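Biologist: Please go through the terms used for this model and say what each one rests on.

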Amino acid sequence: MSLKTLWRNEPSNLGNLHKDKTGILRHREWRGIADTMYDYYRWLVTWKDIIKMALKAPVSTVRGIASYRWMASYLTAPAWVDRHTEGLRGPQLRITHLHFNMLVKPTTDLINFLLANDRHFHKNPKWADKTVNVDEIFSSEFIAGFPNLRDNHVTTIPIFLTSMVDQNITAPYLDITEGYGVPADVCPLPSAEAGVAINDDYPLVGVCSLTCNMPCDGSIMNSSYIDRRFNIPTQVINVPLRYNGEDVQEYAVDEIKSAIEFVENQTGEKWDWEHFFKAMKQYNKQTEYEIQKWEVNKTDYPQMTGATFWLYRLFYFHISGGMDKRFLKVDKKVNKLMLDAYEKKTKCSKEMRHRAIVWSCPANYYTSLANWLENCWGVNVVMDMETMISYYMYDTDDKESSLQTLAKTLQRTTMRKHTKGGYANVVDELWRSVEEFNADMVIMYDQISCKGMDGLKGIFDDQARERNVSFIWVAQDLMDPRTISRRDMREEINKYMTTVLREEPVDSTLVEFDDTLAW
């Protein structure tokens, strides 16, 4: 083995790393001395954060594992990170690990918070009556106006994130909901969330609750199950569906003001403008770093591809609220790495044959599909729909203007910005993104339990042909891998790449494998 190979080994035959069906690594990937040592160090950091969480509240952690079906799934988090770093080298490896560490750290903090304040386990927990429950796609900027309160994104930890870490965790909850009488053709996201409520697997935290009418009717109906389980005062924030027009914004701001008044009445706390503006200054800085990433990815030398982009964006957009300085610290490190690599014209992967845009909602049970695309076929995802959510900046001097921005931000959250509001947001925005990011391919997720994108299938196909853009429909069922497996999703892409584009894979060992039993 040459000195160059020892120091920096190029990815190859990655499929041979995994055991059949389970996807468990036979051994860690050899990336050369420097990258292998860094990767192993970060693997240890992930385990350190998990162990630290358990040691903070050992009794509550043990009771959580014994009581909640979803709790043990988080022990597979190191394998989840491995799936998203496979094949990466140099700055891309470091950028991805830094981002994923900022997914793991706050998650362990949130789990610890929930278990330590769960009324199932404790009679008078410290924060249980100082917590406002909110929907998972609600942004935490709202709670920044209440410095003495915390928010709890009710479904995020028990089911939304666990379904990304462990593909098999949702099946029992879906079966529970269907056994309760809910039809099987409901979107599996709200259906699984309802199953958690029916099974009493939500930690009981919160003095009141804010829910909303998004992203879809299934989620709205699921709110009734959660409301019955928690049995605390609840107020709905009705977010405009046709949100592009300014004529709905006065109404949207009134909904925010009403929610503030509701929380004040339920908690006895008062909205603090000084604390809110301070947090929004940090939020604005995070957004500036985010847009900088987008600008680099528009160039011939993108530096952030794979699934890291949307996973990190989704996470900090909803739970940071401009209050967690750790995110800003990571953003500074990442953007320095990114700009240094861009100036050196560093390639983001072994081979970049296609620049792709991912559109529609990705499958929770297969978040690492974009990494497989890159390693197997040389398809680099340079942008996706869930990254391009609201990027409005807050006015940190004018009160009314800042509330208008908060209202507009809620209108443009995850799973909503491009699926609501009409044709322009769904179709025109896609082609604008394709042009801006110089993409020659679109990966369109066809979520079979949601007919939003499917209703426009003919329009998408016709317009893709007119633009000479490769358009791959990938069927998936969001939270239920039993309906359409990861393997089925890969097969649709394999067929397109071999029969339509007539291409050979970058790594043939990744074309066909079985990961049915993998986490």
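What follows is a set of questions on labels and the values behind them.

Modeller: One caution to begin with: this is a predicted model.

Biologist: Why is M37 called exposed?

Modeller: The relative accessibility of M37 is 57%. Exposed means over 50%, so M37 counts as exposed. M37 lies in helix α2, residues 33-56.

Biologist: What makes the nonpolar surface patch of about 290 Å²?

Modeller: W30, I33 and M37 make that patch. Membership requires over 30% relative accessible area, and M37 has 57%.

Biologist: Why is V263 called buried?

Modeller: V263 has a relative accessible area of 0%. The limit for buried is under 20%, so V263 is buried. V263 sits in helix α11, residues 249-267.

Biologist: What does V263 touch, not counting residues up to four places away in sequence?

Modeller: V263 touches V132, F142, F146, L149, L210 and G268.

Biologist: How do you know that the span of helix α19 agrees with its number of residues?

Modeller: Helix α19 covers residues 486-500, which is 15 residues. At 1.5 Å a residue they should span 21 Å, and the end C-alpha atoms are 21 Å apart, so the two agree.

Biologist: Which residues of α19 are buried?

Modeller: R486, M489, R490, I493, N494, Y496 and M497 are buried in α19. They cover an arc of only 165° around the axis, so they are on the same side of α19. In general, an α-helix has 3.6 residues a turn, so residues three or four places apart point the same way.

Biologist: What do the buried residues of α19 pack against?

Modeller: They pack against α4 (77-85), β5 (354-359), α15 (369-377), β6 (379-384), β7 (441-447) and β8 (470-476). Just after α19, R502 takes a positive phi of about 55°.

Biologist: What makes α15 mostly covered?

Modeller: Nine of its nine residues are buried, among them W372 and W377. The buried residues of α15 pack against α4, β6, β7 and α19. Just after α15, G378 has a positive phi of about 70°.

Notes: Residues numbered from 1 in each chain as written. Predicted model: local features only at pLDDT ≥ 70, side-chain atom pairs only at ≥ 80, totals over all residues. Heavy atoms only, no water. Patch = residues over 30% accessible without salt bridge, like charges linked within 9 Å, V, L, I, M, F, W, Y side chains within 5 Å. Areas by Shrake-Rupley, 256 points an atom, 1.4 Å probe, with all protein chains shown as cover. Salt bridge = Lys/Arg side-chain N within 4 Å of Asp/Glu carboxyl O. Helix = DSSP H or I, 4+ residues; strand = E, 2+ residues; numbered from the N terminus. Buried < 20%, exposed > 50% of the residue type's maximum accessible area, 1.4 Å probe, protein only. Expected span 1.5 Å × (residues − 1). Arc of directions from axis to C-beta. Contact = heavy atoms within 4.5 Å.
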